[in-house]
Amino acid sequence: MNEPGRTDTDSIDVAYVAHLARLQLTPEETTTFQEQLEQVVGYVRKIDELDVTGIEPTAHAVQVENVFREDKVKPGLERDRVLENAPSCIQEQFQVPKIVE
Amino acid sequence: MQYEATIGLEVHVQLKTRSKMFCGCSTGFGAEPNTHVCPVCLGYPGAMPVMNGEAIKLTVITGLMLGCEISEYSKFDRKSYFYPDMPKNYQISQYDKPLCDGGTVDIDIDGETRSIGLTRIHLEEDVAKNMHFHDSSGVDFNRAGVPLMEVVSDPDMHSPEEAYAYLQALRQSVLYAGVSDCNLEEGNMRCDVNVSVAPAGSSTLGTKAEIKNMNTFKGVLNALKYEIARQIDEIESGGEIVQETRRWDPDRNVTSSMRTKEDAHDYRYFPEPDLMPVVLSIDQVSEWRAALPESPRGRRVRLVEEYGLPGYDAGVLVADKSIADFFEAAARKCGNAKAVSNLIMTEVLRLLSESEKELADVPITPEALAGLVGLLDAKTLNSNTAKEVLGILFEEGGDPKVIVEKKGLTQVSDSGVIDGFVAQAIAENPKSVADFNSGKEAAIQFLVGQVMRMSRGKANPQMVAQLLRDKLT
């Protein structure tokens with residue numbers, strides 16, 4: 001089974017990806033990005049030409065592991081300063097449009 | 001037709017760390033909104049997470065307690081979604097390399113023990129809390145970034161009661177492991193429920209519904225009872241179950257649809273580039289394994305063997321770790337384990353449940369309970385007055401000996417004093433005396449009761465009964 005948003009062919013479902021990213025695209029933009037993204041993916045696909053048999057997948061280029069912090073509390077930010085960044089506040093909280101579930 | 005339900009649970013447990021999962025902000029509960037926050041947990045661009053090593057350790061300890069396989073190599077991933085509780089637009093979680101795989105939770109159901117399989121345990125960050133106002137919502141980031149351990153069961157349960165027993169057994173193990181306070185009121189344990197029904201004996205599962213964000217065990221029990229019946233009704237009446245997320249309404253006792261699978265999330269998991277993998281050495285895991293606390297089941301067996309308790313007593317005491325600790329401390333002090341167990345099971349647990357308190361909230365100490373058992377054993381107190389003293393210890397604490405002296409509760413075993421009461425009871429209740437003499441054995445209990453009342457509960461009841469019999473025959 002394919003993952004959502006991917007198809008058997010090389011094409012990318014730009015409209016779907018845009019929806020996931022909450023981007024509104026015009027039909028023209030969709031066509032433009034379709035071409036551009038396919039070029040990007042085509043370029044990355046060059047990696048497929050390499051023989052990676054026996055190589056463990058990794059998400060990092062450097063061999064570093066176990067970077068831990070001690071469980072110690074450090075003071076955070078002053079609330080007034082934090083809420084200065086909020087477009088609006090309600091009862092010392094970030095105000096957002098009403099969440100309807 | 002007969003149907004069988006299949007249930008799987010995802011339980012989120014807040015770990016007992018002082019600081020958050022990826023930053024040094026406090027995890028303390030109940031602070032003013034947005035006072036435990038920093039650039040990392042507020043999701044500021046460029047802020048870098050650093051793993052709390054203690055959270056890794058607590059998750060692995062839980063995995064070891066539950067017989068999971070501990071992953072040598074584990075990593076974190078980004079789970080992408082848009083919601084006001086998560087300003088980064090992704091939650092740091094674990095996708096394909098969780099810290100723990102497999103494992104079991106043993107439950108007792110209908111007099112049998114069943115092992116419920118676990119799929120995995122992974123670690124993630126909690127999200128912010130939303131408050132709903134009249135025409136907007138507010139976001140408080142104090143909880144955002146608190147370490148959450150997610151325990152995922154296999155679809156291995158088949159009744160609401162099994163799911164309930166599983167939650168209790170899991171909570172017990174987590175409490176024994178000492179990795180979480182498991183305080184349900186504070187949202188330390190929250191649960192997503194997956195449930196489907198299919199004709200009994202069917203080899204395929206039915207379409208499942210997910211009930212999100214349950215925070216009481218009773219709620220899970222009731223929601224499952226409702227949901228299973230709803231799904232069966234739906235199928236029986238020719239309908240079809242749609243895969244969807246449902247919400248439990250505890251006031252109306254129903255579940256209702258939140259969203260169907262059509263607009264289900266595509267989380268686009270990918271490795272978190274800001275965090276390096278966790279690689280646990282065999283030595284490290286062995287060290288944690290060697291230091292594991294006793295399991296609830298292990299303790300139950302030990303209480304039977306070490307203190308000669310019946311299995312039933314051991315099960316009741318072990319259910320709550322603080323009660324079992326209290327029992328052991330008191331039993332070691334006074335050496336009469338069964339008497340300690342009896343007082344805890346009958347009186348202490350009753351008083352706790354009536355006052356809706358935890359043992360930690362009341363002043364009675366194990367030493368005081370041991371002292372009380374000593375006074376009972378020495379026949380200084382009878383069981384009635386012992387209950388009275390226990391009530392005082394429960395409310396005010398103190399030393400039982402001092403209370404007994406102050407209140408003048410010492411059991412009266414002086415036959416001279418009791419004789420007087422016995423004579424009076426016989427004189428005042430000729431009918432009962434006649435009944436007893438004509439063979440009604442029960443009548444003597446009434447007379448004993450009269451004497452006890454006259455002595456204000458302090459007479460030695462065995463002695464009263466004996467003296468009455470001596471006088472009447």
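**Entry 1. The strand pair across the chains**

In which sense do S3(A) and strand S11 of chain B pair, and over how many bridges? I found that S3(A) and strand S11 (residues 136-140) of chain B pair in the antiparallel sense, over 4 bridges. I took two strands as paired if DSSP finds at least two bridges between them. Helices (H or I, at least four residues) and strands (E, at least two) are DSSP runs, numbered from the N terminus. Within this pair I looked up A:Phe94, whose bridge partner in S11(B) is B:Val139.

**Entry 2. Conventions**

I note that this is a predicted model, in which local features need pLDDT of at least 70 and side-chain atom pairs count only at pLDDT 80 or more, while totals for chains, interfaces and linings use all residues. Residues are numbered from 1 along each chain as its sequence is written, chains are lettered from A and ligands numbered from 1 in the order in which they are written, and side-chain values use heavy atoms, with hydrogens and water left out.

The order S2(A)-S3(A)-S11(B)-S10(B) makes an open sheet of 4 strands with antiparallel pairing. Its edge strands are S2 of chain A and strand S10 (129-132) of chain B, each of which pairs on one side only. On the chain A side, S2(A) and S3(A) run antiparallel and are joined by 2 bridges. There I saw A:Ile90 opposite A:Gln93 in S3(A).

**Entry 3. The interface**

How many residues of chain A are in contact with chain B? I counted a contact where heavy atoms lie within 4.5 Å. By this rule 36 residues of chain A are in contact with 52 residues of chain B. The area buried between chain A and chain B is about 3700 Å², and carbon and sulfur atoms give 57% of it. Buried area here is the accessible area (1.4 Å probe) that two parts lose on being put together, summed over both. In chain A, the residues that lose the most area to chain B are A:Arg69, A:Asp71 and A:Ile99, together 20% of what that side buries.

I then looked for charged pairs, a salt bridge being a side-chain nitrogen of Lys or Arg within 4 Å of a carboxyl oxygen of Asp or Glu. The count between chain A and chain B is 1 salt bridge. The side chains of B:Glu32 and A:Arg79 meet in a salt bridge at 3.4 Å, N to O.

Which elements give two or more residues to the side of chain A that touches chain B? They are helix H1 (14-20), strand S1 (68-69), helix H3 (79-84) and S3 of chain A. S3(A) gives the most, with 5 residues. By class, I recorded 18 nonpolar, 7 polar and 11 charged residues on this side of chain A. Ala, Val, Leu, Ile, Met, Phe, Trp, Tyr, Cys and Pro count as nonpolar, Asp, Glu, Lys and Arg as charged, and the others, Gly among them, as polar.

**Entry 4. Chain A as a whole**

Chain A has 3 helices and 3 strands, in the pattern α-α-β-α-β-β along the sequence. Of its 101 residues, 16% count as buried. For accessibility I used these limits: buried means under 20% relative accessible area, exposed over 50%, partly exposed in between (1.4 Å probe, protein chains only).

**Entry 5. Two residues with positive phi**

Most residues other than glycine have a negative phi. I noted A:Glu92, which is not a glycine and has a positive phi of about 60 degrees. A:Glu92 is in the loop between strand S2 (89-90) and strand S3 (93-97) of chain A, and is partly exposed at a relative accessible area of 36%. In chain B, B:Asp110 has a positive phi of about 50 degrees and is not a glycine either. B:Asp110 is in the loop between strand S8 (104-109) and strand S9 (112-125) of chain B.

Is B:Asp110 buried or exposed? B:Asp110 is exposed, with a relative accessible area of 74%.

**Entry 6. Strand S5 of chain B**

I looked at strand S5 (residues 77-80) of chain B, where B:Asp77 and B:Lys79 point one way, B:Arg78 and B:Ser80 the other way, and all are buried. S5(B) pairs with strand S17 (residues 270-271) of chain B in the antiparallel sense over 2 bridges, and B:Arg78 has B:Phe270 as its bridge partner there. S5(B) also runs antiparallel to strand S6 (residues 90-93) of chain B, joined by 4 bridges. In S6(B), the bridge partner of B:Lys79 is B:Gln91.
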